[in-house]
Amino acid sequence: MTAQGKIAASFDAEKARADFEILSREVYGKPLVYLDSGASAQKPRVVLDTMRDFAQSEYANVHRGVHFLSAAATDRYEAARRTVQKFLNAAREDEIVFTKGGTEAINLVSYSYLAPCIQPGDEIVLTVMEHHSNIVPWHFLRERQGAVLRWVDVGDDGSLDIEALDAAINSKTKLVAVTHMSNVLGTVTPLKDIIARAHAKGVPVLADGCQGAVHEMVDVQALDIDFYAITGHKLYGPTGIGALYAKRAHLKAMRPFNGGGEMIREVMKDRITYADPPARFEAGTPPIIESIGLATALDYLSSFDRKAVAAHEHDLLAYAREQVGQFNWLRVIGDAPGKGAILSFEAEGMHAHDLATILDREGVAVRAGHHCAQVLMERFGVTSTSRASFALYNTRADVDALIAGLHKARGILV
Amino acid sequence: MDNALRELYQEVILDHSRHPRHHGVLESASHKAEGYNPLCGDRVTVYLRLDADSRVDDISFQGKGCAISQASASMMTQLLKGRSQADAERLMTGFLHLVKGEEASGLSEDDRETLDVMSGISEFPMRVKCATLAWHTYKNAVEEGKNAAEEGAT
């Protein structure tokens, strides 16, 4: 092990790696080097096993059931909610709404919280580094209700200009919607500062935590944040499950989103009353097995020293950054201080898709394209980038494979 | 390098992508269309000048993209110049079959030989859209691009 490797002494990536069976497979006869966890993380054995065990021994529909299994499944489902509560350090379990992912969580806020109070000319403050899932729901309010989207730029290194953000918040601002960690740049935003400044002007804040919650410790009470969205599949959990944290007072004031079973108190021919949150926002049969999977994934992640995991990921980023920094044919996009373990870049003479194709044949999975962040692509004057994203199970050997693949691609294309 | 990659990025393709033929705006275009691949954000504009019989009198393209999309666009312009619509249609159908690894019947021997360098793409299903972007854009230009070119000219 090298000197840098020892920083993460309290976290053993090789050991954790053994929890992910898929990482021992090959693609095109080469060992898989998975550097696309920013798009979706692989799942540890314990998550897959727990989901299967639950489905095999305790599964039934949740709530309302009188029978044994329904009660057992309901207990597990509600326990999963408490696991999410604990993970985000929310004050109450009923501040956690299960959704099908981060996208639905943000759409829920757009539809149920903001839409009813938006007047033409009201403003929503966004940064240019938002994922489309934290842009399009606000565009809906622009298109349909005349809301104004106010964009906050990032510096050339990808860091957020907090003063510009502060200046963008005015008496017309109804919400600040900002990523916790950019899925392209890796930039981690100063949420605490953003929230303090927004609250000083009476404006609530939503954070897209789909990336942030994976790499940073989140304490929604310490942050005093209004809304925080997470998705399960980037947190080493299954797809089809995510959650919205929202302050109790907001949830109570929000109108229902989807209509159907479970979200009502009483339905008559001519009137209806709704269930209290969070049930009000969980119409229909929820992703029950997936909720158990998410809770297991969060327990798995929390079983490690999270600071040591973060240090390990930062070590991988620094190791990769140092090497690509020596290539005069490669431009890194996103170099903000304290950024998370995502490396986006464009390489001279190599289009991201050609590069990704060649890397793929070496077993190296990276993402190429606009990363659902076209506003950011425009900001940096590119149509696409290549992106390597690091997770707890990656090692320096993965970085070495990436670097070797880059050289090989250059040999072919340039 | 593995054979599939060698096949995909063979010299002819790289040459077309580095030095695309008929690249740029065709000022005298009668038809034009813009193609967009939402997967990667690549754009291509195809310009055409069709004569009275709808023969491709001249053709050009503009845009930026991956080696496959640029090479495909470049080769397409070379192939289509001077062709009748029926001929162009036949080429396109043959090409679309070829890149999907299907039997490309109806191509002349010469055309098949020219297009054969693109057949390696069939091993890379995720990249077929890169290769077909320019061709679909060409078809749009013929079918719906008359007004677009006129607007562009004013």
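Modeller: Two strands pair if DSSP finds at least two bridges between them. Strands (E, at least two residues) and helices (H or I, at least four) are DSSP runs, numbered from the N terminus. This is a predicted model: local features need pLDDT of at least 70, side-chain atom pairs count only at pLDDT 80 or more, and totals for chains, interfaces and linings use all residues. Residues are numbered from 1 along each chain as its sequence is written, and chains are lettered from A and ligands numbered from 1 in the order in which they are written.

Biologist: How do you know that S2(B) pairs with strand S3 (residues 56-64) of chain B?

Modeller: Eight bridges join them, antiparallel, and pairing needs at least two. In one of these, B:Val44 has B:Gly63 as its partner.

Biologist: What makes strand S1 (residues 31-37) of chain B a partner of S2(B)?

Modeller: Seven bridges join these antiparallel strands. B:Tyr36 has B:Arg43 as its bridge partner, and B:Asn37 stands opposite B:Asp42.

Biologist: Why are S1 and S3 of chain B said to stand at the edges?

Modeller: The open sheet has the order S1-S2-S3 in chain B. S1 and S3 each have a single partner strand, so one side of each lacks a neighbour in the sheet.

Biologist: Why is strand S2 (residues 42-50) of chain B called largely enclosed?

Modeller: A residue is buried if 20 or more other C-beta atoms, placed from the backbone, lie within 10 Å of its own, exposed if 12 or fewer, and partly exposed in between. Seven of the nine residues of S2(B) are buried, so the strand is largely enclosed by the rest of the structure.
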